[in-house]
Amino acid sequence: MAQGKVSEKFQFHVPSLEELCTVLQSGLKENFADVQVSVVDCPDLTQDPFRFPVKGICGKPRITDVGGVPYLIPMPKQDKIYNMNAVAKEIELPGAFILGAGAVSSRTLGMNAELMPVVQTESEGKPAVNGSYYSTINPADGTCLQEKYSEKYSDCDFGLLANLYACEGKPGKVIEVRANRRTGQSSLVTSMRKTLEKQYSDQSVGMGGTFVIQKGKAKIHIMPPEFSACPLLTDEDVNKWLKHFEVRAPLICQPVLVSRDPGLDLRVEHTHCFSHHGEGGHYYIDTTPDSVEYLGYFLPAEFLYRIDRPEDTHVVGRE
């Protein structure tokens with residue numbers, strides 16, 4: 001696995017689930033008409049619509065920020081290749097269940113694409129189970145093309161960057177978020193992150209998990225299969241290079257968020273989504289605020305691991 005330097009470890013502030021429910025209930029009401037946040041038993045995530053290789057998102061929860069946008073832009077560093085099994089060991093959780101948002105290894109695919117990681121990493125002789133999806137642009141008609149990773153590839157590699165939530169994949173207590181009819185300007189993930197940032201202004205709280213857009217549509221982007229031949233120097237350059245789509249529910253989303261960067265050059269929120277109808281990519285926000293319905297399951301992370309932090313950094317392209 002590409003390693004630029006020793007990984008950095010940070011201990012998050014971890015409020016109780018009950019406290020987080022109260023905080024999120026209050027904060028999300030500023031952005032959604034109907035909000036219900038509660039502590040529940042994690043549903044069986046092997047079932048529809050998730051179809052994950054594990055039952056839950058509990059057990060030693062942690063977040064890792066691997067590589068970063070500076071390895072993609074202004075010009076890509078295609079030698080930055082990582083491996084989910086190696087990441088699990090690096091974050092001191094061999095055999096971890098990992099989900100989140102990242103980019104594919106262009107060495108494996110021969111092109112660039114969005115990655116929706118869903119991986120039960122290898123442990124004690126048990127092979128990894130890679131349930132990931134990836135999205136690219138259909139060369140035939142320019143539409144979104146999402147495919148199941150394991151149907152074409154057998155590795156667990158990824159490239160350039162990823163924001164990942166990792167755990168033991170066990171059942172347990174989680175925070176359930178139900179939010180319908182968006183009244184504010186922020187996405188569900190941004191609203192959650194800003195609520196935590198406001199409440200815990202001098203501390204860092206990290207969260208991950210999964211949520212479903214049950215009704216409505218969402219704005220996403222997909223990176224083109226070819227990297228940009230010209231340097232991408234501004235957010236405007238990046239947005240012109242990316243391809244944007246409106247996709248329909250149900251969408252299974254994989255958020256990673258940190259309320260406050262503790263000085264590790266983090267991407268403070270990053271969410272990818274997939275579906276069982278062939279659409280997926282980098283989630284921005286729903287486009288149907290009057291009818292959107294969200295249902296999510298989240299946990300606060302105990303630790304953050306910063307892997308291969310770029311030495312030459314910038315803030316372009318982090319939306």
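Colleague: What is the relative accessible area of phenylalanine 52?

Modeller: This is a predicted model, in which local features need pLDDT of at least 70, side-chain atom pairs count only at pLDDT 80 or more, and totals for chains, interfaces and linings use all residues. Residues are numbered from 1 along each chain as its sequence is written, and side-chain values use heavy atoms, with hydrogens and water left out. Buried means under 20% relative accessible area, exposed over 50%, and partly exposed in between (1.4 Å probe, protein chains only). Phenylalanine 52 is buried, its relative accessible area being 3%.

Colleague: How is the pair formed by the rings of phenylalanine 50 and phenylalanine 52 classed?

Modeller: Rings of Phe, Tyr and Trp (its six-membered ring) pair if their centres lie within 6.5 Å; planes under 30 degrees apart count as stacked, over 60 as edge-to-face and the rest as tilted. The whole structure has 13 aromatic pairs. For phenylalanine 50 and phenylalanine 52, the ring centres are 5.6 Å apart and the planes meet at 55°, so the pair is tilted.

Colleague: Which residue forms a salt bridge with lysine 9?

Modeller: A salt bridge requires a side-chain nitrogen of Lys or Arg within 4 Å of a carboxyl oxygen of Asp or Glu. Here the closest N and O atoms are 2.9 Å apart, and the partner of lysine 9 is glutamate 92.

Colleague: Over the face of which ring does lysine 9 lie?

Modeller: A charge sits over a ring if NZ of Lys or CZ of Arg is within 6 Å of the ring centre and within 35 degrees of the ring normal. Lysine 9 is partly exposed, at 48% relative accessible area. At 4.4 Å from the ring centre, lysine 9 lies over the face of phenylalanine 303.

Colleague: How many residues apart are aspartate 34 and arginine 181?

Modeller: Aspartate 34 and arginine 181 form a salt bridge, with the closest N and O atoms 3.1 Å apart. Strands (E, at least two residues) and helices (H or I, at least four) are DSSP runs, numbered from the N terminus. The pair links distant parts of the chain, aspartate 34 in strand S2 (residues 32-41) and arginine 181 in strand S12 (residues 173-182), a separation of 147 residues.

Colleague: Which residues are linked with Lys170 in a network of salt bridges?

Modeller: The side chains of lysine 170 and glutamate 168 meet at 3.2 Å, N to O. The network links Lys170 with Glu168 and Lys60.
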